Amino acid sequence: MKGLKNAILFVYALSPPISLGFTPRPVSFLLRTSIMASSTSSNTNTCPKTGNPLPNLPIPEPLLSLTPGTWAYDTMSRRLNKEILQRTYEENQASFESSEFAQALVRFNELRSELDNAADTKLSYLKFDEVEDGRPSEVVERECREWKDILSPYIENNDTWLSAPWLVTEFYAYRRLIEAIGYYDKSNPATYLYDPFAVAKRAGLKSSVKSAENMLEKIILHAADQNLLHDDTAELTEHCEKLRKRGDGRIDIIVDNAGFELVTDLALADHLVASGVAQVVTFQLKSHPNLHALEKDLIETVEHYAALPEDKFPNARAAGIRWQQYLKDGKWVCNEDNFWVQPSPMWEMPEPLTSDLKNRCDLAFVKGDANYRRLLGDRYWDYTSPFKDVVGCYFPCPVCSLRTLKAEVGCGMEKEQVERAKALDDEWMVNGRFGVVQFGSGGDK
């Protein structure tokens, strides 16, 4: 199973790094952080919202966006508006300035105005229009109820974009963007199901091919080992070998970004099927646009690779054709769910998703930093807290996290490794240089 370890290492290591300045996390927190903590605390170690198991350790405070110099503060007070939404406007300017998008542009600019004054602007409830929403009414009603439950503690507390937990406001911002452009408004064909990140995703897809051609020829990346701050690949390999011998493994990949990172997810899934570890791989995907992958992005990626010229990109084209067949044969399955675009910690995973993973899935790979933050509830765990006591004890099936560090949260790293990373790089927690491969057996397995 040596090939599995190499596949795991390249998936974690090839996530594109980011470079943003930060200062250490704040020592003190406002009393309002207890709102989020109380919603997931219980003397019986079960989640009061869902009845799911909780982490074995006391749940710490969530990250807020109040402290200048932190990545959370920079994201919510500047980066989200000045960089991400500005780039979104520039990439969609022709559409946004058309008559069909007139109301959408007004709402888009209202959102940006709120973020310009993030410290003083209070959160408000999302707006849902069951008459014009193109989805089934029960889907709309459920999402409306879920977001009301998520936001009500902070709205009732008069929280702002900065004083509410960072994870909540970041996911809320992307859902507000979907509301602003009229993504679900079937009465406006121009905005209905319009993906404002499509330009960026397609650029990432096209630029991925050259790197992927070399990667798909030979998946080996020895240099990754020295930057792993925790490595459970031996334990993971043992689990995968059991699945391979059994011959009917069901593995999920909880997907993060589109573009090249999605290609690495597909390459991992390819290896899992080809090696016999998985009979079926299910991709858990986002249900509405953000910078992460939807089912349509995965399909577009597969089709793009299958159509590449064989003389220039033989390995990438061959992979694309294999991937098409996996989808056709049911060896690859796509599943979109609203839970993957909401900020709730993963111990609040709702039904029927929880039971599906518990009863069907033999192993879930959790990809990317946003998903990792949700595994940890985006809270300040001690970096050395064991992964099995934070995540492995509650997750509904065996779980492997493949993460490059891009936020000031983490667990399951040995003290010596943490000190080594600190000595090597002041920005070790946020710039994507270091990573972890962490495995947990699952709360009910």
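# Briefing on a predicted protein model

Aspartate 195 is buried, at a relative accessible area of 7% (buried means under 20% relative accessible area, exposed over 50%, partly exposed in between, with a 1.4 Å probe and protein chains only). This is a predicted model: local features need pLDDT of at least 70, side-chain atom pairs count only at pLDDT 80 or more, and totals for chains, interfaces and linings use all residues. Residues are numbered from 1 along each chain as its sequence is written, and side-chain values use heavy atoms, with hydrogens and water left out.

**The chain as a whole**

- The protein chain has 16 helices and seven strands. Helices (H or I, at least four residues) and strands (E, at least two) are DSSP runs, numbered from the N terminus.
- The protein chain has 445 residues, and 57% of them count as buried.
- Take the contacts between residues at least 6 apart in sequence: 81% of them join residues at least 24 apart. Contact means heavy atoms within 4.5 Å.

**Aspartate 195**

- Aspartate 195 sits in the loop between α7 (166–181) and α8.
- Its side chain makes a polar contact with the side chain of lysine 201, at 3.1 Å. A polar contact is a pair of N or O atoms within 3.5 Å; within protein, one must be able to donate a hydrogen and the other to accept it, and residues adjacent in sequence count only if both atoms are side-chain atoms.
- Beyond its neighbours within four places in sequence, aspartate 195 touches Asn92, Tyr183, Lys201, Pro289, Lys296 and Asp297.

**Helices α8 and α11**

- Helix α8 (residues 198–217) packs against helix α11 (residues 295–306) at an angle of about 50°, and their axes are 11 Å apart. Axes are lines fitted to C-alpha atoms, for helices over the stretch in contact, and angles run from 0 to 180 degrees between N-to-C directions.
- The two helices, α8 and α11, are therefore oblique to each other. Angles under 35 degrees count as roughly parallel, over 145 as roughly antiparallel, 65 to 115 as roughly perpendicular and the rest as oblique.
- The crossing of α8 and α11 is right-handed. A crossing is left-handed if the near helix is turned anticlockwise from the far one by less than a right angle, and right-handed if clockwise.
- On the α8 side, the contact uses Lys201, Arg202, Leu205, Lys206, Ser208, Val209, Ala212 and Leu216. On the α11 side, it uses Asp297, Glu300, Thr301, His304 and Tyr305.
- By class, this contact of α8 with α11 has five nonpolar, three polar and five charged residues. Ala, Val, Leu, Ile, Met, Phe, Trp, Tyr, Cys and Pro count as nonpolar, Asp, Glu, Lys and Arg as charged, and the others, Gly among them, as polar.

**Helices α10 and α12**

- Helix α10 (residues 260–274) and helix α12 (residues 314–329) cross at roughly 65°, and their axes come within 11 Å.
- That angle makes α10 roughly perpendicular to α12.
- The crossing of α10 and α12 is left-handed.
- From α10, Val263, Leu266, Ala267, Asp270, Val273 and Ala274 take part. They meet Arg322, Trp323 and Tyr326 in α12.
- By class, the contact of α10 with α12 has seven nonpolar, no polar and two charged residues.

- Methionine 76 lies in helix α3 (residues 71–91). It counts as buried, at 1% relative accessibility.
- Leaving aside neighbours within four places in sequence, methionine 76 is in contact with Ser65, Leu115, Ala118, Trp161, Leu162, Trp166, Thr169 and Glu170.
- Methionine 76 and alanine 173 are 97 residues apart in sequence, yet 9.2 Å apart in space, C-alpha to C-alpha.
- Lysine 367 belongs to strand β5 (residues 363–367). Lysine 367 counts as buried, at 1% relative accessibility.
- The side chain of lysine 367 makes a polar contact with the side chain of aspartate 265, at 2.3 Å.

**Backbone points**

- Most residues other than glycine have a negative phi, and most peptide bonds are trans.
- Asparagine 158 has a positive phi, near 60°, and is not a glycine. Asparagine 158 is in the loop between α6 (137–156) and α7, and counts as partly exposed at 46% relative accessibility.
- Aspartate 378 also has a positive phi, of about 55°. Its place is the loop between α14 (369–375) and α15 (387–392), and aspartate 378 counts as buried at 1% relative accessibility.
- The peptide bond from glutamate 351 to proline 352 is cis, with omega near 0°. Proline 352 lies in the loop between β4 (332–336) and α13 (353–360).
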